[in-house]
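Visitor: Hi! Could you walk me through this one?
Guide: Happy to. Here it is.

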Amino acid sequence: FISEAAEGSSNHKYIEIYNASNETVDLASYAFANTANAPSTPGEYEYWTPFDGLDHNDANPVSGSTSLAPGDVYVVCDNDLDATVIGECDQYHAYLSNGDDGFCLVFGSEANFEVLDCVGDWNGDGAGAYAPWDVAGVSNATKNHTLVRKADVASGNAGNWAASAGTSDDDSEWVVL
């Protein structure tokens, strides 16, 4: 599931996928699918990005592996992430969210998949045109914040972003930093 999602100023963005199982997982059967701003078909993804250890700007290998050990994380970063943390990246992606784009972790193929976890949704911008989503009672929390999954969360939200985001610190699955 998605354990962190950071949307900082400029290109300081990343998504962290956590393996909560007891088995090594090969992410080759997984992808992250997203929309950007106002999708042509609300509720459907627009872009499909496989986990393949490649830099999607120029197809150069980054890590060369999509195996994710139990308790480990796989980090997808913006190509221009701050140099002090870019060494933690397993894969680069040039178009991570600016706070108002929905990203989901999915399992399967582009034609037949299961939504496992989401930050945002595929219905269009957060609370309106170019608007981020509120999380844990924090307005516009998906922009210029880092969302960290609470330690007691053991699985993804299966696409139910609204329930996951919650309306207060008590009913949200996330801590907003």
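Guide: Helices (H or I, at least four residues) and strands (E, at least two) are DSSP runs, numbered from the N terminus. This is a predicted model, where local features need pLDDT of at least 70, side-chain atom pairs count only at pLDDT 80 or more, and totals for chains, interfaces and linings use all residues. Residues are numbered from 1 along each chain as its sequence is written, and side-chain values use heavy atoms, with hydrogens and water left out.

Visitor: In what order do the elements of the protein chain run from the N terminus on?
Guide: The order is β-β-β-β-β-β-β-β-β-β-β-α-β. That gives twelve strands and one helix.

Visitor: And what percentage of the residues count as buried?
Guide: 44% of the 177 residues in the protein chain, where buried means under 20% relative accessible area with a 1.4 Å probe, protein chains only.

Visitor: New topic: how many aromatic pairs does a search of the whole structure find?
Guide: Twelve. Rings of Phe, Tyr and Trp (its six-membered ring) pair if their centres lie within 6.5 Å; planes under 30 degrees apart count as stacked, over 60 as edge-to-face and the rest as tilted. One of the pairs is Phe 32 with Phe 51, tilted, with 5.4 Å centre to centre and 50° between the planes.

Visitor: Where do Phe 32 and Phe 51 lie?
Guide: Phe 32 is in strand S4 (residues 30-34), and Phe 51 is in the loop between strand S5 (47-50) and strand S6 (67-68), so the pair ties together parts 19 residues apart in sequence.

Visitor: Are those two buried or exposed?
Guide: Both Phe 32 and Phe 51 are buried. Ring pairs also link them with Tyr 74 and Phe 103 into a cluster.

Methods. Buried < 20%, exposed > 50% of the residue type's maximum accessible area, 1.4 Å probe, protein only.
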